[in-house]
Amino acid sequence: MTEVVKVHGLQKKFGKFQALKDVTFTVEPGEVVGFIGPNGAGKSTTIRTLLGIIKRDAGNVEIFGKDVWKDSLDIHKRISYVPGDVSLWGSLTGGEIIDLFLKLHGGGDKQKRDYLIKRFELDPKKKAKGYSKGNRQKVGLIAALSVDSDLYIFDEPTSGLDPLMEAIFQEEVEKIKESGKSILLSSHILSEVERLADKVVIIRQGEIVETGTLDDLRHLARSTVTLETEGDVAEMNKVNGVFDFKQTDNQATFSADNQYLNEILMEASKLGVKKFESVPPTLEDLFMRHYEG
Amino acid sequence: MKEKFSRWDILFVQYLKRDWKKIIVWVLGLGLFSAAYVPAFEEITKGQGLLGMYETLQNPAMISMVGPTPIETAADYTLGAMYAQEMVLFCGLFAMIIAVLHVISHTRKEEDLGLTELVRSFQIGRQANSLAVISETVIINVLLTLFIWGVMMSFGADTISAEGSFLFGASVGMAGVIGAGIALVMAQIMSTSSAATGSALGIIGLLYIVRAGTDVSNVGLSMINPLGWTYLTYPFTENNWSLLICALIFSIIVVTIAFALEGARDMGAGYLPEREGRERAKKSLLSVRGLFIKINKGVIIGWMIAFVVMGAAYGSIYGDMQTFLESNEMMKQMFTHSGVSIEESFTGTIMMVMTGLVSILPIAIINKLFSEESRLHLSQLYATKVTRGQLYWTSIGLAIIAGFVGILLAAGGLGGIAITAMGDSSTMNIFDFLAAGYNFLPSVLFLTGLATLALGWAPRLGRVVYVYLGYSFLLNYFGGILDLPDWFSKTAIQSWIPRMPMEDFDAPIFIAITVISIALVIIGYLGYSRRDMIEGA
């Protein structure tokens with residue numbers, strides 16, 4: 001089977017501002033992809049291009065093997081989408097809006113709708129102008145999760161939800177994942193996608209800077225090493241793969257690139273190791289590294 | 001007291017800082033609009049001009065639009081008297097509208113946006129904001145008064161006296177203060193800024209229409225209309241200052257009521273009860289058309305009522321026309337000579353005015369689609385099988401139907417009441433009125449077409465269509481008074497269309513403008529189906 005989403009060399013300009021420079025990634029069938037990047041990196045712009053809301057300047061973007069701009073309607077029959085900022089008509093109730101979305105999408109499941117309204121503890125009789133941010137988000141999520149689609153696109157779906165509701169959302173997405181659907185989940189927080197994602201795509205300033213499974217990415221990250229030697233520990237600063245070197249007396253702390261671990265150990269042993277501690281990398285460090293750039 | 005208004009002065013200074021550019025444009029723009037036409041009017045008064053203007057402005061149609069004059073013989077008519085009759089009411093109306101928009105943007109709008117919540121968390125009194133805004137608006141209108149006074153005096157024209165100029169400025173400024181008071185009350189009663197703006201402007205519109213009727217039938221009745229306390233001061237002639245005192249007292253009462261209402265409500269709440277909504281959507285909502293009808297419903301119903309009331313108000317004047325003609329030998333001769341009855345002449349002019357106002361509704365419906373887009377309301381809809389074509393053509397369809405029904409209600413309201421008012425002496429039947437109304441259908445379609453063109457290619461310019469409508473309106477309004485070159489008056493779309501029943505129906509023009517309008521709509525669609533959706537702009 002071919003990729004569900006295929007983005008290749010996507011570019012988009014708004015006036016003079018190059019919002020997307022080079023975006024390339026795929027979503028395979030049955031895969032959950034975490035789409036991560038800081039605010040303003042181009043996540044929502046990419047997603048809007050995928051939905052045919054805006055038109056790309058260059059590149060190849062396909063969903064289900066169809067062009068996202070020309071065949072947007074065919075594609076839309078088989079996808080569900082929740083924007084990051086769900087904005088609703090103040091004069092309609094949550095229940096009315098959910099019904100409207102189901103109808104306009106086609107093929108909504110009324111039972112699932114009622115089940116989700118109960119699960120997310122939404123009051124469907126309230127006018128939308130009285131909803132908080134989290135409640136508006138629930139309306140969008142319930143509408144998207146109540147329809148049967150092949151691809152689900154969530155743009156920062158849990159912003160404004162309390163931790164309990166966030167957990168319920170994760171559970172519901174897990175159910176969809178188990179039934180073999182593809183999911184694109186964008187977020188600026190790693191922990192939001194860590195539990196669900198098979199693959200992570202990191203975007204920064206309109207470019208994809210990292211793609212891979214979580215394990216792959218962990219491997220790429222650096223360990224933090226604390227080293228005490230008999231000889232002059234300052235020698236270590238010259239070794240390949242040593243970064244952020246800090247020294248106090250004969251003890252040094254640095255981050256070590258996992259690729260150069262062997263070389264680092266060999267050099268350290270020449271100096272006579274008295275103490276060696278290594279803290280494995282956290283993904284958070286990796287992301288911070290990309291965010292700070 | 002201290003608790004309520006604590007530190008209002010900080011907010012007041014803050015508003016002046018935030019708004020200084022707006023204040024300059026407001027005072028200069030409205031001030032020049034009010035005062036700077038003196039030389040132009042001086043031109044008109046040359047030769048027999050003043051006499052002719054006096055007769056023209058004695059026509060009930062003109063009085064219903066611009067207001068009366070206390071002068072009883074043409075010989076006593078002066079430049080000052082004419083300037084006041086033509087300008088005070090309109091300038092006052094503008095001052096009111098701007099004040100309404102300003103007051104609501106700093107009160108209910110900020111409450112909607114959550115800014116008030118933030119401000120109230122500081123050591124600021126609960127009602128300090130309202131006091132600051134109303135003080136700011138009063139100051140602005142005082143500045144406006146002084147500015148108008150200064151500009152008018154600077155021309156040194158005959159009969160434009162210092163006292164009259166000051167009263168003229170003060171009448172316009174006082175209109176602004178009344179508008180601010182009305183807005184502040186509506187900002188308390190309504191629970192959203194759009195409802196507050198709509199209802200405040202609606203009240204002003206109603207006052208204007210009511211005074212159109214009373215000015216023609218019995219000016220005394222206009223004296224109990226708050227709007228009457230501005231233009232009935234008759235600057236340069238009677239200089240009736242006492243009416244401004246009425247207006248001042250009225251404003252103080254209204255503002256006091258607003259403060260009482262505000263003091264008794266919770267932040268974010270209004271006074272109209274909020275009902276519990278439906279759990280499930282009605283079937284009629286479940287389509288793009290159903291949704292668009294629902295979200296435009298308030299605006300459509302509001303305007304439709306306004307159209308009927310407007311038509312009926314103008315229609316009620318017809319009964320007095322013959323009486324007026326009996327009393328005025330010169331006008332009587334003029335009408336007998338041209339072979340057109342005064343009623344027919346009035347119908348042609350007033351239809352143009354009314355269809356101009358009817359155009360606002362379709363433009364608003366078209367512009368609504370872009371405001372929905374930029375407010376992210378449609379984000380989730382784009383990802384469904386709803387096409388852009390569905391969104392576009394549904395809006396167009398709704399707009400055109402609204403225009404069609406709008407004309408029916410305005411022309412029908414006018415005709416129905418006019419025929420009743422004229423009784424047996426009526427020379428026109430209801431179909432004459434409807435024909436005169438639908439004669440202007442192409443101009444409504446054209447303005448709708450302009451709005452769709454903007455929607456497709458430059459959606460941020462959607463509001464400019466209102467500016468063009470206002471421009472056309474003013475051109476047609478002053479066109480009859482000033483002798484404008486033909487090409488210039490033809491830049492207003494309504495100028496192309498003959499004024500039925502006074503003039504004959506022009507089929508080629510009717511068809512040509514309709515075809516151009518359809519072309520605009522199609523060109524607009526080409527843009528709309530291709531462009532990026534602008535979200536959050």
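## A loop residue with positive phi in chain B

Thr159(B) is found in the loop between helix 9 (128-154) and helix 10 (162-189) of chain B; helices (H or I, at least four residues) and strands (E, at least two) are DSSP runs, numbered from the N terminus. Thr159(B) is not a glycine, yet its phi is positive, near 65 degrees. The residue counts as partly exposed because 14 C-beta neighbours lie inside 10 Å. A residue is called buried if 20 or more other C-beta atoms lie within 10 Å of its own, exposed if 12 or fewer, and partly exposed in between, with C-beta atoms placed from the backbone.

The model is predicted, so that local features need pLDDT of at least 70 and side-chain atom pairs count only at pLDDT 80 or more, while totals for chains, interfaces and linings use all residues. Residues are numbered from 1 along each chain as its sequence is written, and chains are lettered from A and ligands numbered from 1 in the order in which they are written.

## Chain A

Chain A contains 10 helices and 14 strands. Its C-alpha atoms fill a box of roughly 75 × 40 × 40 Å along the principal axes. Of its 293 residues, 43% count as buried. The domain assignment, which is automatic or from a database, gives domain 1 (5-213) and domain 2 (221-292). The centres of these domains of chain A, taken over C-alpha atoms, are separated by 41 Å.

Asp249(A) is located in the loop between strand 12 (242-248) and strand 13 (251-257) of chain A. Although Asp249(A) is not a glycine, it has a positive phi of about 50 degrees. Asp249(A) is exposed, because 7 other C-beta atoms lie within 10 Å.

Two packed helices are described by the angle between their axes and the distance between the axes. Axes are lines fitted to C-alpha atoms, for helices over the stretch in contact, and angles run from 0 to 180 degrees between N-to-C directions. Angles under 35 degrees count as roughly parallel, over 145 as roughly antiparallel, 65 to 115 as roughly perpendicular and the rest as oblique.

Helix 18 (residues 342-358) and helix 22 (residues 430-438) of chain B pack at about 50 degrees, with axes 9 Å apart. These two helices of chain B are therefore oblique to each other. Their contact involves Thr347(B), Gly348(B), Met351(B) and Thr355(B) of helix 18, together with Phe433(B), Ala436(B) and Gly437(B) of helix 22; two residues are in contact if their C-beta atoms, placed from the backbone, lie within 7 Å.

Helix 15 and helix 19 (residues 360-374) of chain B pack at about 170 degrees, with axes 10 Å apart. They are therefore roughly antiparallel to each other. Asn296(B), Val299(B), Ile300(B) and Trp303(B) of helix 15 meet Leu361(B), Ala364(B), Ile365(B) and Lys368(B) of helix 19.

## Where the chains meet

On the chain B side, 26 residues are in contact with 33 residues of chain A. Helix 15 (288-315) and helix 20 (379-382) of chain B are the elements that give two or more residues to this side. Helix 20 of chain B provides the largest share, 4 residues.

## A cis peptide bond

The peptide bond from Met500(B) to Pro501(B) is cis, with omega near 0 degrees. Pro501(B) belongs to the loop between helix 25 (486-489) and helix 26 (507-528) of chain B.
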